[in-house]
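This briefing summarises a single-chain model for computational work.

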Amino acid sequence: MTASLSRRRLLTRGALLGGLLAVSGLTTACSRTEAGTGAPADDGDLLARLRKQGHVRVGFAGEAPYGFQDGGELAGEAPTLHREVFTALGIPELRPTLTEFGSLIPGLLAGRFDVVSAGMAITPERCAKVLFSEPEFVSPTALMVRKGNPEGVSDLKSCAAKGATVGVLTAAVEASYAKSAGVREGSVTTLAKQQDGLDALLAGRIDAFALTGISLRWLARTNQGAAVEVLEPFVPVVDGVEQHSPGGAVFRQGATTLRDAFDEELAKITGDPARYVRLIGKYGFTEREVPPRTLRTADLCAG
């Protein structure tokens, strides 16, 4: 049976920060919005309003390489693509709000920002609350293990068979993937951020850390010399459906005009692999991460 694609996170992507962080030059999620900047009852004219004011408020969760602070600047896959898209739409400035991953959708719905720019996974559960763009990328899951892979695991099913302890990020879809693969609930350890996963591995508190392959490769890159390795990516299966982890931008449900305009510009980027890689190749994204044209958000939301 041909499995439909659906996106992993989380991404998901689990909460990368144990608490709200104050970042110089960035607006924190705990800041109160000014009068009149909360979520409007009707977002139908949001695109026009953003064009008029010249900026869009974006929420991100500090997870490299998807959306993070780099030298005081907002960087990563999602902000880079979104900056390109919004500039084309006549909205040249991204004003970022840093928060925990699990607070992104609540913050969006509360009007703390207009768009989530964090590479969030497109899942039916999230689609019931918010609007997603078409996919920005796909990224299969992988495991990070201690050097030499002492437990001899290769994927979540092998972790279940060997009784290995698996680390996952808070609010990330990897927890459900582990459960579907047969990993016992007591063998799943929840972690606040990526670095906690690597540290837990080195301390022997977990045997494997599950996340998208691209996230784990970035984590290994930023911890050069650490006695860990990233195994070959694999595609988890939940209820007979392969989970290929597509992610996208997130909007409030009333913001259909903005979302549709965003999708039109995004398609120009994902339809040009050379441009796609030129924009976000430095974050580890290649033509393999370009979402296929057949992968549609409507299908992902349907489950």
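A contact here means heavy atoms within 4.5 Å. The model is predicted, with local features requiring pLDDT of at least 70, side-chain atom pairs pLDDT 80 or more, and totals for chains, interfaces and linings using all residues. Residues are numbered from 1 along each chain as its sequence is written, and side-chain values use heavy atoms, without hydrogens and water.

**Overall chain**
- The chain holds 11 helices and 16 strands, taken as DSSP runs numbered from the N terminus (helices H or I, at least four residues; strands E, at least two).
- Buried residues (under 20% relative accessible area, 1.4 Å probe, protein chains only) make up 53% of the 303 in the chain.
- Of the contacts between residues at least 6 apart in sequence, 77% join residues at least 24 apart.

**Helix 9 and helix 10**
- Helix 9 (residues 256–270) packs against helix 10 (residues 273–280) at about 95 degrees, and their axes, lines fitted to C-alpha atoms over the stretch in contact, are 6 Å apart.
- The two helices are therefore roughly perpendicular (65 to 115 degrees).
- Lys-268, Ile-269 and Thr-270 of helix 9 meet Pro-273, Arg-275, Tyr-276 and Leu-279 of helix 10.

**Ser-158**
- Ser-158 belongs to helix 5 (residues 156–162).
- Ser-158 counts as buried because its relative accessibility is 13%.
- Its side chain reaches the backbone oxygen of Asp-155 at 2.7 Å.

Terms used
Buried < 20%, exposed > 50% of the residue type's maximum accessible area, 1.4 Å probe, protein only. Axes fitted to C-alpha atoms, helices over the stretch in contact; angles between N-to-C directions. Parallel < 35°, antiparallel > 145°, perpendicular 65-115°, else oblique. Polar contact = N/O pair within 3.5 Å; in protein donor to acceptor, adjacent residues only side chain to side chain.
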